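Biologist: Could you take me through this model? Please give cut-offs as you go.

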Amino acid sequence: ALLAARQANDDPNLVLDDLQKAAANVTGDANITNSDALMILNRTVGNIDKFNISDWVFLGYDVNVVDQNIAQDIPGLAAGDVNMSYVPGAVPKASILSNSDDVLAVKKTGSFDVPVKVAYDSEVGAFTLRLEYDAEILEFIEVKGQVSVLTNVENGVVHIAWADLTGGKKALKLTEGAALVNVSFKAINALNEAQEIDFRLLSGS
């Protein structure tokens, strides 16, 4: 989404090839705009399940076959995957997020915030988070932070995504241990005094 936004904002330092531009144009219109970046974010969190284009994009490619079989690779890219990071079955890249074992003390009733922290000084132009929680015990309320994020909650997982739609001019600058976002929950019923609740950042965060 960030690269689509940078292209939409004519970032002079960004060079996309024709295949990347085709993957960025998920609205299917004539130009790459912030609407494309926003649509990519909405699909990332699950608010929509398809783009206005097919899930894979290919460029026109001429293959000449004369009198024998030939093998020819035809480049393709998943729609929306402008940075070409999606590899089916691949292990996700290392995260900037802190794998923290912090313990939060919360009241039996009322709301509380779960901070998602960065592990080191970071400049963040886009992020995707998937935070798992116990939906039988807790109710998700909102995500708080320096920026407005897109969210979707499904089966005990909060999906969160954001990208700087100015194309990088308003990237977040965070110091080690700072909260990227705070995710607010409240107990469905009063918690027991010694009750423990686990939260887990899922793969891809």
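**Charge pairs, a helix and a strand**

Biologist: At what N to O distance do the side chains of Asp-11 and Arg-6 meet in a salt bridge?
Modeller: This is a predicted model, numbered from 1 along each chain as its sequence is written, and its side-chain values use heavy atoms, without hydrogens and water. Local features need pLDDT of at least 70, side-chain atom pairs count only at 80 or more, and totals for chains, interfaces and linings use all residues. A salt bridge is a Lys or Arg side-chain nitrogen within 4 Å of an Asp or Glu carboxyl oxygen. Asp-11 and Arg-6 meet at 2.7 Å.

Biologist: Are Asp-11 and Arg-6 buried or exposed?
Modeller: The classes use relative accessible area: buried under 20%, exposed over 50%, partly exposed in between (1.4 Å probe, protein chains only). Asp-11 and Arg-6 are both in the class buried.

Biologist: How many salt bridges does the rule give?
Modeller: One of them is the pair Asp-11 and Arg-6. Another joins Asp-113 to Lys-144. Arg-200 and Glu-132 form one as well. By the rule, the count is 4.

Biologist: How many residues apart in sequence are the parts that Asp-113 and Lys-144 tie together?
Modeller: The closest N and O atoms of Asp-113 and Lys-144 are 3.3 Å apart. Asp-113 sits in strand 3 (111-117) and Lys-144 in strand 6 (138-144), so the pair links parts separated in sequence by 31 residues.

Biologist: Which accessibility class holds Asp-113 and Lys-144?
Modeller: Asp-113 has 30% relative accessibility, so it counts as partly exposed. Lys-144 has 35%, so it too is partly exposed.

Biologist: Which strands do Arg-200 and Glu-132 tie together?
Modeller: Their closest N and O atoms are 3.0 Å apart. Arg-200 is partly exposed at 47%, and Glu-132 is partly exposed at 29%. Arg-200 lies in residues 200-201 and Glu-132 in residues 126-132, so parts 68 residues apart in sequence are tied together: strand 11 and strand 5.

Biologist: In what order do the elements run from the N terminus?
Modeller: Elements are DSSP runs numbered from the N terminus: helices H or I, at least four residues; strands E, at least two. The chain has 3 helices and 11 strands. The order is α-α-α-β-β-β-β-β-β-β-β-β-β-β.

Biologist: Which residue's backbone oxygen does the side chain of Asn-152 reach?
Modeller: Asn-152 lies in strand 7 (150-154). At 18% relative accessible area, Asn-152 is buried. Its side chain reaches, at 3.1 Å, the backbone oxygen of Val-45.

Biologist: Beyond its neighbours within four places in sequence, which residues are in contact with Asn-152?
Modeller: Contact means heavy atoms within 4.5 Å. Asn-152 then touches Val-45, Gly-46, Asn-47, Val-157, Val-158 and His-159.

Biologist: What is the phi of Gly-46, after helix 3?
Modeller: Gly-46 follows helix 3. Its phi is positive, near 95°.

Biologist: What share of contacts at least 6 apart in sequence joins residues at least 24 apart?
Modeller: Of the chain's 205 residues, 35% count as buried. The C-alpha atoms fill a box of roughly 80 × 40 × 30 Å along the principal axes. The share asked for is 72%.

Terms used:
Polar contact = N/O pair within 3.5 Å; in protein donor to acceptor, adjacent residues only side chain to side chain.
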